[in-house]
Amino acid sequence: MGRVSAWEALLLGVVEGLTEFLPVSSTGHLTLLFHLLGLPVEEDPFLKTFLVAIQLGAILAVLLLYGRRLAADRALWLRIAVAFVPTGVIGFLFYPLIKGVILGNDAVVAFFLFFVGAVLLFADRLAERAQYQDVKALPLARVAWIGVFQGLAALFPGTSRSGATILGGLLLGLNRQAAAEFSFLLALPTMFAAVGYDLWKSAPEVPEGGWSLLLLGFLAALATALVTVRWMLAFVARHGFRPFALYRMALAAVYAFFFLR
């Protein structure tokens, strides 16, 4: 059993909160950290469940930060719902493949860290000529395509859910801040559904003491994400997504060098 210790659960939760909403792949970073800690995420069902469940803490941070706006904005909820439909269909159909085969696969993580970084460099330049400053102005057909981007991200660790939705938003005409904010908001139904379904399926496999570790990771991710979301919006307004794209590509090279030889 590769069950995490309390301090490891805390560390993993902090890394999740730092990376969930940045377009750098939280799963890629957590998989790398599992390796560094000597935890066999590819073989241990509980570690895979932990990897998914702590994301709920980061998602709750978005609800706390955007709750009032969501409560008063039906047009925004419509966009979230339209984008969530293709994501939900893809995730439901391919859940066994994601959980049983793809999650924690080193070659997949390294490839998509690099590939999405390269495409993000291109998309960030498009944002300089963005057609839409608010997702509510984006046609619903384009909103649905953002959901497709997010659904595809679930299939390939290293892609980054936030990275895929931001990339989709930029390619479909949103400016940088609008793409980032919609990525945060689309995470709400997506991750609540994904985590809830995973915990329902995996609850019998959670060992004694496992729930307290999940709670510790959850709280660490929540606290860290509250700070990260606000920081990211300010950073993107000044610097765009180019630094994240370059970071992804460099991390992919490091990842491949150490774990794919």
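Reader: Are Arg161 and Glu20 buried or exposed?
Author: Sort residues by relative accessible area: exposed is over 50%, buried is under 20%, and partly exposed lies in between (1.4 Å probe, protein chains only). Arg161 and Glu20 fall into one class, and that class is buried.

Reader: What kind of model is this?
Author: Residues are numbered from 1 along each chain as its sequence is written, and side-chain values use heavy atoms, leaving out hydrogens and water. Local features need pLDDT of at least 70, side-chain atom pairs count only at pLDDT 80 or more, and totals for chains, interfaces and linings use all residues, for the model is predicted.

Reader: Which pattern does the chain follow along the sequence?
Author: Helices are DSSP runs of H or I with at least four residues, strands are runs of E with at least two, and numbering starts at the N terminus. The chain has eleven helices and zero strands. Read along the sequence, the pattern is α-α-α-α-α-α-α-α-α-α-α.

Reader: What radius of gyration does the chain have?
Author: The radius is taken over C-alpha atoms, and the globule rule is 2.2 Å times the number of residues to the power 0.38. With 261 residues, a compact globule would come near 18 Å; the chain agrees, at 17 Å.

Reader: What percentage of the residues in the chain is buried?
Author: The C-alpha trace spans about 50 × 40 × 35 Å along its principal axes. Of the 261 residues, the buried share is 54%.

Reader: Among contacts between residues at least 6 apart in sequence, what share joins residues at least 24 apart?
Author: Contact means heavy atoms within 4.5 Å. Take the contacts between residues at least 6 apart in sequence; the share joining residues at least 24 apart is 83%.

Reader: At what N to O distance do Arg161 and Glu20 meet?
Author: Side chains of opposite charge can pair when their charged atoms come close. A salt bridge needs a side-chain nitrogen of Lys or Arg within 4 Å of a carboxyl oxygen of Asp or Glu. By this rule the count is five. Arg161 and Glu20 form one of them, at 3.5 Å.

Reader: How many residues apart are Arg161 and Glu20?
Author: Their salt bridge joins two side chains. Arg161 sits in helix H8 (residues 161-171), and Glu20 sits in the loop between helix H1 (6-19) and helix H2 (26-37). These are distant parts of the chain, and the separation in residues is 141.

Reader: Which residue forms a salt bridge with Asp124?
Author: The closest N and O atoms of this pair are 2.7 Å apart, and the partner is Arg176.

Reader: Is Asp124 buried or exposed?
Author: Look at relative accessibility. Asp124 has 7%, so it counts as buried.

Reader: Which residues are linked in a network of salt bridges?
Author: Arg176 also pairs with Glu128, with 3.9 Å between the closest N and O atoms. Glu128 lies in the loop between H6 and helix H7 (140-155), 48 residues from Arg176 in H9. Glu128 is exposed, with a relative accessible area of 58%. The network is made of Asp124, Glu128 and Arg176.

Reader: How far from Glu16 is the nearest side chain of opposite charge?
Author: Glu16 lies in helix H1. Leaving aside neighbours within four places in sequence, its contacts include Ser26, Leu30 and Ala221. Glu16 is buried yet has no salt bridge. The nearest side chain of opposite charge is Arg161, at 7.9 Å.

Reader: What relative accessible area does Ser25 have?
Author: Ser25 is in the loop between H1 and H2. Its phi is positive, about 80°, although Ser25 is not a glycine. Ser25 is buried, with a relative accessible area of 1%.

Reader: Which phi does Ser160 have?
Author: Ser160 is in the loop between H7 and H8. Ser160 counts as buried, at 7% relative accessibility. Although Ser160 is not a glycine, its phi is positive, at about 85°.

Reader: How many of the nine residues of helix H3 are buried?
Author: Helix H3 covers residues 45-53. Among its buried residues are Phe46, Lys48 and Phe50. H3 is largely enclosed by the rest of the structure, because the number buried is eight.

Definitions and conventions. Lys and Arg count as positive and Asp and Glu as negative; His and the chain ends are not counted.
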